[in-house]
Amino acid sequence: MINCEREKVSIDREVVKKIAKLSRLKLTVDQTETTAKELSEVLVFVRKLERIDTSSVSPMTTVTPMESKERSDKISDGNYPDEILRNAPNVKEGFFSVPKVIE
Amino acid sequence: MNENISNLAISQIRNLLRKRELSSLELTKYYLNNIEQAKTLNAYSFVSEELAISQANEADKKMASAEVEDLCGIPFGIKDIFCTKGFPTQAASKILDGFIPDYESTVTENLFRSGAVMLGKTNMDEFAMGSSNETSHYGPSINPWSSELTKALVPGGSSGGSAAAVSADLCAASLGTDTGGSIRQPASFTGIVGLKPTYGRCSRYGIIAFASSLDQAGPMTKTVRDAAIVLKTISGHDPKDSTSAKINKPDFEADIGKSIKGKKIGIPHEYKTEEMPQEIQDLWDKGKNVLKSAGAELIDVSLPHTQYALPAYYVIAPAEASSNLARYDGVKYGYRAQISPGDNLIDLYEKTRSEGFGDEVKRRLLIGTFVLSTGFYDAYYIKAQQVRTLIKEDFENLYKEGIEALLTPTAPSSAFPIGKKDEMSPVEMYLNDIFTVPTNLAGLPAISLPAGLNKQGLPLGLQLIGRPWEEANILNLAHVMEDNLEFSQNPKKWWT
């Protein structure tokens, strides 16, 4: 579960490449290098949290206690595709247009 | 001309408008002219002149009727993070270039329904990620308090443009949002009042999301009373935001002026950091003395998990941001990168996001993705949420013992020079939020009010933190402090 407990905190280029891919961001070689350094520094800072024993503490789920709200399952909005599409950078025949997905 | 209408508070304008000694149109034109002359400050990213004039005319017509709402005819600057129907809204990011929302945020809808006037959209850090307004796609906003001596200073962030606009008299008041201090720190840097309400007090509907469990909208004003007046109008339950609270809304202005005799005010000793500059310490002492002289009881208290608030925040906020900002893909709205022949959909996403987001946003998206990824989720994200519980309990324990509010400095320094960010590491920049972040994690209301000037002539703020839903109490306390501290200075108008 916690597989970084004892190791030295550092994020290497490979980890940066992996999380960049998950974030859908493209980084240059230089950016990857800088990011690895900066993220390592942030993680050193964040790992201060390990000093507290939280074994009997529940993680917060809501900051202001309130009942989950329910609403009736009715359509209350919609039916204005033209207004929605007006902001799209590329529209064809009433649809969002993207590069070919399936070969 | 119009010398007599400069630097007016909403409470003063309200009276003048009702007595018909001033028209909203006259006032609106005064601010539009000020904005035109203050382009150097880069406080506004968009000026909605036509709309402002027509709203002002409407307001002037309504003035004749008996039931005029508080904010009728009052001109506002609106942070670029609020969706305003038919007007550019891009959270100071390139990735939302050209976005014109087709709907109105609930907070601005409440404002305009009461007859308020929108002068334009104000500058900010990109997606509210920053403490200096320097991560903005529109370029930095400049602090009106800058002088020959200090050179160009930041107005703070992320609501830097909103703060600069109030401070330089480019609006009567403005709206900001606060995720980790983004209303209060710029308020402190520019000598104005900034209020972050209790989480759930204002609807988040139509506010571009950064970290949804922390974001709250709030007023940035010239006086404490003005903050109460604005909060009254913008707050309230909204079915469109499931986290907005169904809770009784008091008249926040009504408590102002009540005695604070015997009120128990906590002074958390963890906020006295080793690095605290003497001027901040002196200011804090001054604030304590004012409350004491007014009859409040000061009590030394402990918030033992304070030092863990920033690390927890810099796990939770980026985690939520990485999820919220996944929607920017170059397909539905905003910026879209040029693609090359043979590029697929993933290439479109990656190119668009890499070109559309700035460095600080990318950094936080990467941190957020990392702490949520397999193998690290429990160690970072769950751990931070557990610590968040402890931080909230720290406050609850004090409130149970009868403490009604806490007094602390707002920020660890006065406004710093533009460009200093480049000499600082990201973590050093994050330390700006050291006194403001705990209240966001705990969902509490907090207000920053100007408390004095330092040796360089720069404003410094103090912060009052309240119990949940007790904004009225901290507004009353802040008003007592405001009365006694007599901060009435305005920056010299070097920009005209």
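## Chain A

Read from the N terminus, chain A has the element order α-α-α-β-β. That makes three helices and two strands in total. The model is a predicted one. The radius of gyration of chain A is 23 Å, whereas the globule rule gives 13 Å for 103 residues; the value is well over the rule, so the chain is more spread out than a compact globule.

The C-alpha trace of chain A spans about 55 × 45 × 25 Å along its principal axes. Of the 103 residues in chain A, 14% are buried.

## The sheet of chain B

Chain B contains an open sheet of eleven strands with mixed pairing, ordered β1-β3-β2-β4-β6-β5-β10-β11-β9-β7-β8. At its edges are β1 (44-47) and β8 (297-301) of chain B, each of which pairs on one side only. On average, neighbouring strands of this sheet are turned by 30° against each other, direction ignored. In general, strands of a sheet pair through backbone hydrogen bonds, in either a parallel or an antiparallel sense.

One antiparallel pair consists of β4 (residues 173-178) and β6 (residues 216-221) of chain B, joined over five bridges. Within this pair, B:Gly176 has B:Gly218 in β6(B) as its bridge partner.

## Helices across the sheet

Helix α2 (residues 24-37) of chain B lies across β1, β2 (75-79) and β3 (117-122) of chain B, and runs at about 20° to β3(B). Helix α3 (residues 49-62) of chain B also lies across β1, β2 and β3 of chain B, but its angle to β3(B) is about 155°.

Strand β11 (residues 459-466) of chain B is largely enclosed by the rest of the structure, because eight of its eight residues are buried. Both of its faces are covered. On one side the buried residues are B:Pro459, B:Gly461, B:Gln463 and B:Ile465, and on the other they are B:Leu460, B:Leu462, B:Leu464 and B:Gly466.

Strand β9 (residues 405-409) of chain B runs antiparallel to β11(B), and five bridges join the two. B:Leu407 has B:Leu464 in β11(B) as its bridge partner. Strand β10 (residues 446-453) of chain B is likewise antiparallel to β11(B), over seven bridges, and B:Leu453 stands opposite B:Pro459. β10(B) and β11(B) form a hairpin with five residues between them. In the turn, B:Gly457 has a positive phi of about 80°.

## Contact between the chains

Chain A gives 40 residues to the contact and chain B gives 60. On the side of chain A that touches chain B, the elements with two or more residues are α1 (13-22) and α2 (29-46) of chain A. The most comes from α2(A), with seven residues. By residue type, this side of chain A divides into 24 nonpolar, eight polar and eight charged residues.

## The nonpolar core

The largest nonpolar core has 158 residues. Those with the most contacts inside it are B:Phe76, B:Ala312, B:Val315, B:Ile447 and B:Leu475. Helix α9 (residues 309-324) of chain B gives the most to this core, with ten residues.

Not counting residues up to four places away in sequence, B:Val315 touches A:Val46, B:Val371, B:Tyr380, B:Tyr381 and B:Ala384.

## Two individual positions

B:Ala294 lies in the loop between α8 (278-293) and β8 of chain B. Leaving aside neighbours within four places in sequence, B:Ala294 is in contact with B:Ile260, B:Val480 and B:Asn484. B:Ala294 and B:Leu477 are 183 residues apart in sequence, while their C-alpha atoms are 9.6 Å apart in space.

A:Val101 is found in the segment after β2 (95-96) of chain A. With 8 other C-beta atoms within 10 Å, A:Val101 is exposed. A:Val101 and A:Lys69 are 32 residues apart along the chain, and 38 Å separates their C-alpha atoms.

Terms used
Residues are numbered from 1 along each chain as its sequence is written. Chains are lettered from A and ligands numbered from 1 in the order in which they are written. This is a predicted model: local features need pLDDT of at least 70, side-chain atom pairs count only at pLDDT 80 or more; totals for chains, interfaces and linings use all residues. Two strands pair if DSSP finds at least two bridges between them. Helices (H or I, at least four residues) and strands (E, at least two) are DSSP runs, numbered from the N terminus. Axes are lines fitted to C-alpha atoms, for helices over the stretch in contact, and angles run from 0 to 180 degrees between N-to-C directions. Two residues are in contact if their C-beta atoms, placed from the backbone, lie within 7 Å. A residue is buried if 20 or more other C-beta atoms lie within 10 Å of its own, exposed if 12 or fewer, and partly exposed in between; C-beta atoms are placed from the backbone. The radius of gyration is taken over C-alpha atoms; the globule rule is 2.2 Å times the number of residues to the power 0.38. Ala, Val, Leu, Ile, Met, Phe, Trp, Tyr, Cys and Pro count as nonpolar, Asp, Glu, Lys and Arg as charged, and the others, Gly among them, as polar. A nonpolar core is a set of buried Ala, Val, Leu, Ile, Met, Phe, Trp, Tyr and Cys residues joined through C-beta atoms within 7 Å.
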